Amino acid sequence: MRCAVLCVAVALLASEAPLKPVRVCEVLADLSARDGKIVAVLGRFSFRENGRFLGEDACDPTPAAGDPARPSALRVVFDPKSAPPLPARLELDAADVYQPLKLIRQRTALGKFRFGSVDYDRWAVVFGRIEAGGAIKNESKPPAPAQIVCRGESAVLVIADPDQ
């Protein structure tokens, strides 16, 4: 099943050397170094009334009691005009996806909705450009210190849950 999802993604989008996705927490840990860069980011893709987000429940280090929680989400913005184009070929190595996903799943869960839909939370790799700080509206809940700007849904590669 894992291979089937990744093979479809590879067939749709593939690159000369495998692109290694980074976790949301890795992006946020060194946001200034990633600002303006084109990356593939792995995390929980959440679709909510107030927007789309790619995140993890918590990033290391965990804040001390009384300290404010650190942001652990990127807003996902679809902008076909300003977003970077998808590579003609994009390869993702299964180990580069499922190894960090295993770490993410230790602290992050997909939402459980009473109406049974799985469309609101999924594991995904999103391909786009990171924009930090002032470029985004910070009214979002959860607050997002940065956004990933991508062409559209074709830049969101849904990953099969390894336990299903």
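**Note on the salt bridges**

1. There are 3 salt bridges in the structure, a salt bridge being a side-chain nitrogen of Lys or Arg within 4 Å of a carboxyl oxygen of Asp or Glu. This is a predicted model, in which local features need pLDDT of at least 70, side-chain atom pairs count only at pLDDT 80 or more, and totals for chains, interfaces and linings use all residues. Residues are numbered from 1 along each chain as its sequence is written, and side-chain values use heavy atoms, with hydrogens and water left out.

2. Glu 56 and Arg 23 form a salt bridge, at 2.7 Å from N to O. Glu 56 sits in the loop between strand S3 (51-55) and strand S4 (73-78) and Arg 23 in strand S1 (residues 22-23), so this pair ties together parts 33 residues apart in sequence. Strands (E, at least two residues) and helices (H or I, at least four) are DSSP runs, numbered from the N terminus. Glu 56 is buried at 3% relative accessible area, and Arg 23 is buried at 18%. Buried means under 20% relative accessible area, exposed over 50%, and partly exposed in between (1.4 Å probe, protein chains only).

3. Asp 57 pairs with Arg 44 in a salt bridge, with the closest N and O atoms 2.7 Å apart. Asp 57 belongs to the loop between S3 and S4 and Arg 44 to strand S2 (residues 38-48), so the pair ties together parts that are 13 residues apart in sequence. Asp 57 is partly exposed, at 41% relative accessibility, whereas Arg 44 is buried at 13%.

4. Arg 129 and Glu 131 form a salt bridge through their side chains, at 2.9 Å from N to O. Arg 129 is buried, with 18% relative accessibility, and Glu 131 is buried at 18%.
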